[in-house]
Amino acid sequence: MAEVQSTHRLDHSDLEKGRTNALKETISSGSITINAELFEKLYLSPQTKRKGELRETFGNPTPLPVYFFMGGLLMFLGGVLEWVLGNSFPSIVFCTFGCFWFSLGGILNPSFGAYAFYAPPDAASTAEGLITRGFNASLGFWLLAMGLVAVVFFICALRTNVVFALMFFSIIPAFALLTAAFWVQADDYTGTTETAHKLFVGAGATLLVTCAAGWYILLSIMLAIMEFPFQLPVGDLSTVLKAKPAH
């Protein structure tokens, strides 16, 4: 009994002297509270209430698709894990772009026969389908649709952070330039080679900005996860555009 009282007096004395060690040990056994900026950096989504404790139980899946920025499998897997955690926006983003890269790979893979379908009946090779009007026009419409999706994502990303929003802002003109390039090729594949090349180069330049922003977010997330003494700012926007008041 004397030992218990002595321990109690010691802890009480520590707290009175402003020492927080005992307090830190006490709260470590419970839930951990992080601020809105750190939460948004880790999960690329504004902090919202969710039932359960999945975010505390499982690791953060966000770095998976960011590390392999243009990887179909890891982006889709990361999107599924974000959905499990209840992070709807990054889940939709990762799954959408994961399926985009899967689809693009399927289009360019000869075994899928996507461009072979457009090849003329008397074509010497199925690769001739790549230069047909129908194939290039169809691919342009698909990229146009992805550009519209990117516009929606950019608007929604204005509640996350500056770097994440920059990724979508820079990818929008990339999709526009790619759409124009394929439509130019659809109009006259051989006669517009130089124009199409310039459009492809312009799209690649804007995508460099997108990739750079993606690598920056990856580094900032990994530094936060590993609790480095320094952090990279991402420009929190969750406090700029306030959430709709709950009724």
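The legends below describe several close-up views of a predicted model.

View 1. The protein contains 10 helices and zero strands, and its elements, read from the N terminus on, run α-α-α-α-α-α-α-α-α-α. Of its 247 residues, 36% count as buried. Among the contacts between residues at least 6 apart in sequence, 61% join residues that are at least 24 apart.

View 2. An unreviewed UniProt entry gives the annotation "transmembrane region" to residues 64-85, 92-119, 139-158, 165-184 and 199-225. In the model, residues 199-225 are 100% helix and 0% strand, and the C-alpha atoms at the ends of this span are 39 Å apart. Residues 92-119, by comparison, are 61% helix and 0% strand, with their end C-alpha atoms lying 35 Å apart.

**View 3. The largest nonpolar core and phenylalanine 97.** The largest nonpolar core of the model has 29 residues, and those with the most contacts inside it are Phe89, Val93, Phe97, Phe164, Phe168 and Phe175. Two or more residues of this core come from each of the elements α7 (88-108), α8, α9 and α10, and α9 gives the most, with nine residues. When its neighbours within four places in sequence are left aside, phenylalanine 97 is in contact with Met75, Met146, Phe153, Phe168, Ile171 and Phe175.

**View 4. The loop at asparagine 161.** Asparagine 161 is found in the loop between α8, which covers residues 133-157, and α9, which covers residues 162-187. Although this residue belongs to a loop, asparagine 161 is buried, with a relative accessible area of 1%. A polar atom of its side chain lies 3.1 Å from the backbone nitrogen of valine 163.

**View 5. A side-chain contact between threonine 210 and serine 170.** Threonine 210 is found in helix α10, and because its relative accessibility is 2%, threonine 210 counts as buried. The side chains of threonine 210 and serine 170 are joined by a polar contact of 2.6 Å.

View 6. Side chains of opposite charge can pair when their charged atoms come close. The structure holds one salt bridge, in which the side chains of lysine 198 and glutamate 194 meet at a distance of 3.7 Å, taken from N to O. The two residues are four apart in helix α10 (residues 193-225), so lysine 198 and glutamate 194 are separated by about one helical turn. Both lysine 198 and glutamate 194 are exposed.

**View 7. Cysteines without a disulfide.** The structure holds zero disulfides, and this view shows how one of its cysteines is placed. The cysteine sulfur closest to that of cysteine 95 belongs to cysteine 99, but the two sulfur atoms are 6.4 Å apart, which is too far for a bond, because a disulfide requires a pair of cysteine sulfur atoms within 2.5 Å. Cysteine 95 is buried, its relative accessible area being 18%, and this value falls under the 20% limit that defines a buried residue. Cysteine 156, in contrast, counts as partly exposed, because its relative accessibility is 37%.

Notes: Residues numbered from 1 in each chain as written. Predicted model: local features only at pLDDT ≥ 70, side-chain atom pairs only at ≥ 80, totals over all residues. Heavy atoms only, no water. UniProt positions renumbered as here; feature names shortened; annotations may be inferred. Buried < 20%, exposed > 50% of the residue type's maximum accessible area, 1.4 Å probe, protein only. Polar contact = N/O pair within 3.5 Å; in protein donor to acceptor, adjacent residues only side chain to side chain. Salt bridge = Lys/Arg side-chain N within 4 Å of Asp/Glu carboxyl O. Core = buried A, V, L, I, M, F, W, Y, C linked by side-chain atoms within 4.5 Å. Contact = heavy atoms within 4.5 Å.
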